[in-house]
Amino acid sequence: MNIQFRDSAGVTVVAVAGKLDALTAADYETTMKALLADGKTRCVVDFSELTYISSAGLRVLLAAAKSTKAAGGETRFAGVTGNVLAVIEMTGFNSILSLHDSVDAALGAM
Amino acid sequence: MIASTRRSGRCDVAPGRAFANGTSITRPAVLASLPDLQDEMASCAARHGLDAQRIANLTLALEEVFVNICRYAYPEVDGTATLSCGCSGDQFVVELVDHGQPFDPASVPEPELGAELDARPVGGLGWFLAQRLVDALEYRRDDGRNLIRLIIHHPQGQPT
């Protein structure tokens with residue numbers, strides 16, 4: 001898994017590529033906690049290059065989204081497709097996360 | 001004891017036995033073993049003609065059940081898990097065997113799929129996901145071993 005950041009008018013765009021699984025979930029969690037500690041509570045998570053997600057990945061996704069919301073911020077997700085979207089729909093996460101077709105669409109909704 | 005979901009078809013290989021044209025590897029029951037097990041299973045599945053989508057589903061289901069073994073079968077001691085896979089009749093079967101604590105699938109609560117973000121519990125989705133990704137998921141406790149089977153029917157895509 002590879003994580004990259006960029007700032008877009010006060011919103012942090014977090015691009016996650018590769019696999020979010022039991023081996024990499026802790027890296028995602030650490031990254032999102034560091035952003036929160038840094039006061040960056042408005043995030044768009046770009047999953048367009050994410051190819052795989054397991055329940056370990058969903059767990060940290062949900063925990064981070066809850067923490068951000070509790071801090072008064074918000075997290076939106078962009079580019080969720082293929083098997084990743086299938087898993088998110090299977091587990092009902094599509095009804096509790098804000099999903100957008102693209103990063104631009106997510107930024108526009110912030 | 002057998003617990004299964006959407007179970008049908010036949011499975012004529014005794015638990016723990018080698019499959020025809022199958023493969024079997026044993027690794028420490030630690031998360032770091034996961035890629036090895038997934039690669040081995042995916043190669044075996046491809047040799048048996050499973051398509052990319054079914055292999056992707058099995059790969060994810062395998063992670064879910066293997067992580068369960070690492071966390072719950074051996075909570076305080078080191079142990080191993082043995083992966084065997086191959087064809088049995090008109091099924092492709094992935095079997096995981098460990099010698100750890102018994103696991104009761106009936107004790108796994110159904111996830112609250114409709115709950116709102118704040119109410120949604122973090123975790124508890126692994127077994128549920130594995131069930132959804134394969135045609136049948138079986139668990140059996142046998143002679144001090146846990147046997148979990150992920151089963152795909154008609155692995156080469158023949159109609160039912």
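## Burial and layout of chain B

A residue is buried if 20 or more other C-beta atoms lie within 10 Å of its own, with C-beta atoms placed from the backbone. In this predicted model, buried residues make up 38% of the 160 residues in chain B.

Chain B holds three helices and six strands. Along the sequence they run β-β-α-α-β-β-α-β-β.

## Helices α1 and α2 of chain B

Helix α1 (residues 34–47) of chain B packs with α2(B). Their axes come within 10 Å and cross at roughly 145°. The crossing is right-handed.

On the α1(B) side, the contact residues are Leu34(B), Leu37(B), Gln38(B), Met41(B), Ala42(B), Ala45(B) and Ala46(B). On the α2(B) side, they are Ile55(B), Leu58(B), Thr59(B), Leu62(B), Glu63(B) and Phe66(B). By class, ten residues of this contact are nonpolar, two polar and one charged.

## Helices α2 and α3 of chain B

Helix α2 (residues 52–73) of chain B also packs with helix α3 (residues 126–133) of chain B. The angle is about 150°, and the axes are 9 Å apart. That angle makes α2(B) roughly antiparallel to α3(B), because angles over 145 degrees count as such. This crossing is left-handed.

From α2(B), the contact uses Asn57(B), Leu60(B), Ala61(B), Glu64(B), Val65(B), Val67(B) and Asn68(B). From α3(B), it uses Gly126(B), Trp127(B), Leu129(B), Ala130(B) and Leu133(B). The contact has eight nonpolar, three polar and one charged residues.

## The buried face of α3(B)

Which residues of α3(B) are buried? They are Gly126(B), Trp127(B), Leu129(B), Ala130(B) and Leu133(B). Seen down the helix axis, the buried residues of α3(B) fall within an arc of 160°, so they line one face of the helix. An α-helix has 3.6 residues a turn, so residues three or four places apart point the same way.

What do the buried residues of α3(B) pack against? Their partners in chain B are α2 and β5 (136–142). Their partners in chain A are α2 and α3.

## Where the chains meet

The contact takes 19 residues from chain A and 20 residues from chain B. On the chain A side, α2 (55–70) and α3 (82–90) each supply at least two residues. The largest share of that side, nine residues, comes from α2(A). By class, the side of chain A that touches chain B has ten nonpolar, five polar and four charged residues.

## Exposed sites to look at

Ala9(A) sits in the loop between β1 (2–8) and β2 (11–20) of chain A. Its phi is near 50°, a positive value in a residue other than glycine. Ala9(A) has 7 other C-beta atoms within 10 Å, so it is exposed.

Asp143(B) lies in the loop between β5 and β6 (145–153) of chain B. Asp143(B) also is not a glycine, yet its phi is positive, about 55°. With 8 C-beta neighbours inside 10 Å, Asp143(B) counts as exposed.

Gly108(A) is in helix α4 (residues 103–109) of chain A. Is Gly108(A) buried or exposed? It counts as exposed, because it has 10 C-beta neighbours inside 10 Å. Gly108(A) and Thr41(A) are 67 residues apart along the chain. Their C-alpha atoms are separated by 16 Å.

Conventions. Residues are numbered from 1 along each chain as its sequence is written. Chains are lettered from A and ligands numbered from 1 in the order in which they are written. This is a predicted model: local features need pLDDT of at least 70, side-chain atom pairs count only at pLDDT 80 or more; totals for chains, interfaces and linings use all residues. Axes are lines fitted to C-alpha atoms, for helices over the stretch in contact, and angles run from 0 to 180 degrees between N-to-C directions. Helices (H or I, at least four residues) and strands (E, at least two) are DSSP runs, numbered from the N terminus. Angles under 35 degrees count as roughly parallel, over 145 as roughly antiparallel, 65 to 115 as roughly perpendicular and the rest as oblique. A crossing is left-handed if the near helix is turned anticlockwise from the far one by less than a right angle, and right-handed if clockwise. Two residues are in contact if their C-beta atoms, placed from the backbone, lie within 7 Å. Ala, Val, Leu, Ile, Met, Phe, Trp, Tyr, Cys and Pro count as nonpolar, Asp, Glu, Lys and Arg as charged, and the others, Gly among them, as polar. A residue is buried if 20 or more other C-beta atoms lie within 10 Å of its own, exposed if 12 or fewer, and partly exposed in between; C-beta atoms are placed from the backbone. The arc is that of the directions from the helix axis to the C-beta atoms.
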